[in-house]
Amino acid sequence: MTPPFQHADIRGARIAWNVTGRGPTVIWCHGMSASAYLQESVGQFDWKPLSASGFRLVRFDARGHGHSGGGETAEEYTWPELAHDLLGLLDMVAPGEKVHAIGSSMGTASIIHAALAAPDRFDRLVLTTPPTFWTTRQEQIPLRLEGANFLEQHGLKAFERLSVDVPASPALVDARRYVTPVQSRSALFPWVLRGSAVSDLPPPEVLASLSNPTLILSCTRDAAHPVGSGE
C-alpha cells in the first residue's frame, strides 16, 4: 500500500511527498509526465528494496505533476528551477543531511543542477536515462513546443493517443505498460513541456566539477534518452 502523501509549500507550489523505510535518506526524482510512483507501478523501476534494506526513501511529485501544484509559466518548470524545488524539499525532509539521489530523465537533470548548486547536500548519485542535452537537445525544442500547443488545442487524452505503444528501448520490453498516462493536469502540462523545451545542462566545464560518486544508467535505442547522453 502506498503511504499517504504529506505536503510542503516549496517556492510557491504545494509539493506532495512521502517516506518509506528508515536510515540514511535517498530521494527519488521521477521523469517528466510521471509521478512519484508511476514508473515503479508500470515496471520500469523498483525502489522498494531500498526501504527494506536500511534506507529512508523519499518519493515526491515534481512541480506540476501528480499531487503537486504549480503555476502557468514555462520558467518554473525548467531544470534549474526544479533543482531549487528539490533543494527546498530537502531542507524540510532531511535538514542538514547529506542525501543520496536517484533520478530519471527530467529527475536526473534536476539532480545534476541541484548537486552543482549545493554539492554539500548530496552523497552518491544514480542517474538513470539521462535526457538529451547540448547539441542533441536542439531537436527536442520544436517537439516540446508543438506538443504544448497541440495539448492546449485538443486536450490531454488526444495528446496521450499520439504515443506509440511500444517499449522505448529493449531494456524496457518487460515493463507492464509502455504508454503511461500523463501525470499532470491539462492546464499545467503545456507549461511543463515549454519549460522542458528551454532547459539544458550546464556547459561541460561546469558539469565536470561534479565530483560525487555517480552511477549512470542509459538504455539502448531510446531516442529521448540516448546512450550518448550517458557517455
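Begin with the second largest pocket, which holds about 270 Å³ of space; on a 1 Å grid over the protein atoms alone, a pocket is an open set of points where a 1.4 Å probe fits, with protein on both sides within 12 Å along at least five of seven lines, and a volume is the space filled by probe spheres set on the points, which are joined across faces, edges and corners. This is a predicted model, in which local features need pLDDT of at least 70 and side-chain atom pairs count only at pLDDT 80 or more, while totals for chains, interfaces and linings use all residues. Residues are numbered from 1 along each chain as its sequence is written, and side-chain values use heavy atoms, with hydrogens and water left out.

Select Ile112, Leu127, Leu207, Ile216 and Ser229, which lie nearest the centre of this second pocket among its 17 lining residues (those with an atom within 4 Å of a point). Next colour helix H4 (106-117), strand S7 (214-217) and helix H9 (227-230), each of which supplies at least two residues of that lining; H9 gives the most, with three.

Now move to the largest pocket, whose volume is about 1500 Å³. Select Met32, Ser33, Ala168, Ala224 and His225, the closest to its centre of the 49 residues that line it.

Note on methods: Helices (H or I, at least four residues) and strands (E, at least two) are DSSP runs, numbered from the N terminus.
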